Amino acid sequence: MERASWVSPLLMLLAAAGPLARAAPQVTCYFSRLLGFDDYIPAYAGASSDQLLTGVNFASAAAGIRDETGQQLGARISFGGQLQNYQSAVQQLVSILGDEDSAANHLRQCIFTVGMGSNDYLNNYFMPAVYPSSRQYTPEQYADVLIDQYSQQLRTLYNYGARKVALMGVGQVGCSPNELAQQSINGVTCVARINSAIRIFNRRLVALVDEFNTLPGAQFTYINAYGIFEDILRAPGAHGLTVTNRGCCGVGRNNGQVTCLPFQTPCANRNEYLFWDAFHPTEAANILVGRRAYSAALPSDVHPVDLRTLAQL
C-alpha cells in the first residue's frame, strides 16, 4: 500500500500490551509508517523535546482501565498513570511552543491511538483466583463499569487537547492459544464466554465513540479489531495464513501454556501463523489489522472512519 505523502505532526500512543490488544502498539507501528513516519514512536520516558513534537508512546505492558488490572504481573502504568504522563507532556508542549493556544493548535492536528480493555478481562475479570471482579459483576455490569471509567479517562484526554482519537476495540481474546490451551474442548473452538463478554464491551465502546463525537471538535473513531480477527479466522488462507490456533513459539498445548522461552527455536514459517506465542499476534497478523485500520476493507472495520480519513479531517 502506498504511504501517505504528508505526515501528521504528532502521533500519540496510549495502550496496554494484552492478548490481542497487545497488537495495538505493533499495529500502530505499521499504520504510523502508512501515515509517513519512518521509525518507531519513542517511549515518553526518554523522549527529547523534538520527539515530543512529533509523537511519543505512553503504553505500558499489562496495563488496564482499572488501576489494579495486571498487578500480579508486577510494575506497570495503568491507563490513569499514562494519562498523568500525557498531562505532563502537554505542559512540556506549552513550554516548548510558548503558550497554551499554540499547544492546543498543535494537538488538534495530532492522531491519538488508544488500545485498552483486554487486560481488564484476561488479567482481571477472567482470573477469579486473583481478582474478585467476576464475583462482583455480571459481564454486562462489568462492561458498564469499565466504560464508565474509560469515559472519564478519555474525557481527560479530550480536555487536554486530544481531538483525533482512534480507539482500538478488544480482539477475540477467547481465540488466543493460551485460552484455547486452557479452556477449549478441542484446542480449536474459541472460548465463547470470554468472547461474549468482549463483544458486550465493544458494543458499549462504539456507543462511547458516538457520544464523544458530539463534543466540540471531537473526531473519535473505533477500530473493530474483533471483527477484523473474526474475518481473518473465517478465511485464513485468503489472508496468507495456515495456522490460527497455535503459537509459532511456545510450550504445551497449542504452544499456548507457556510463552516463548529464551533460546527456543520458533516455527520456520512464522508468516503463516496468526499468533506468535500464547498471546501476541505475529507481524503478519499485525500488518493485516494495521492495513485495515488505516484503510478499511469492510464498512464494519471501523466506525465511523478509518485512520487515513481521520488524518485528513
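**Group meeting: a walk through one predicted chain**

Hi everyone. Of the 313 residues in this chain, 54% count as buried, where buried means under 20% relative accessible area, exposed means over 50%, and partly exposed lies in between, with a 1.4 Å probe and protein chains only. Before I go on, a word on the source: this is a predicted model, in which local features need pLDDT of at least 70 and side-chain atom pairs count only at pLDDT 80 or more, while totals for chains, interfaces and linings use all residues. Residues are numbered from 1 along each chain as its sequence is written, and side-chain values use heavy atoms, with hydrogens and water left out.

Let's start with the whole chain. There are twelve helices and eight strands; these are DSSP runs numbered from the N terminus, with helices being H or I of at least four residues and strands being E of at least two. Contact here means heavy atoms within 4.5 Å. Among the contacts with a separation of 6 or more, 71% are between residues 24 or more positions apart. The chain exposes about 13000 Å², and carbon and sulfur atoms supply 50% of that; the areas come from the Shrake-Rupley method with a 1.4 Å probe, and for residues only the protein chains shown count as cover.

Helix α5, residues 118-125, is mostly covered, with eight of its eight residues buried. Among them are Asp 120, Asn 123 and Asn 124, along with Tyr 121 and Tyr 125. Over in helix α11, residues 283-294, we find Ala 285. Ala 285 is buried, at a relative accessible area of 0%.

On to the strands, then. Which strand is largely enclosed by the rest of the structure? That is β5, residues 219-223, because four of its five residues are buried. Strand β4, residues 164-168, runs parallel to β5, and five bridges join them; strands pair if DSSP finds at least two bridges between them. In that pairing, Ala 166 stands opposite Thr 221 of β5. Strand β8, residues 302-303, runs antiparallel to β5 with two bridges, and there Tyr 222 stands opposite His 303.

Last topic: the cysteines. How many disulfides does the chain have? The count is three, taking a disulfide as a pair of cysteine sulfur atoms within 2.5 Å.

One joins Cys 175 and Cys 190, with the sulfur atoms 2.1 Å apart. The S-S torsion of Cys 175 and Cys 190 is about 115°, so this disulfide is right-handed. Cys 175 is buried at 4% relative accessibility, whereas Cys 190 is partly exposed at 29%.

Another joins Cys 248 to Cys 267, S to S 2.0 Å. For Cys 248 and Cys 267 the torsion is about -110°, so the bond is left-handed. The pair links distant parts of the chain, 19 residues apart, with both Cys 248 and Cys 267 in the loop between β6 and β7. Both of these cysteines, Cys 248 and Cys 267, are buried.

Then there is Cys 249 with Cys 260, sulfur atoms 2.0 Å apart. The torsion for Cys 249 and Cys 260 is about 60°, so this one is right-handed. Cys 249 is buried at 1% relative accessibility, while Cys 260 is partly exposed at 25%.

With the bonded cysteines numbered in sequence order, the pairing reads 1-2, 3-6, 4-5.
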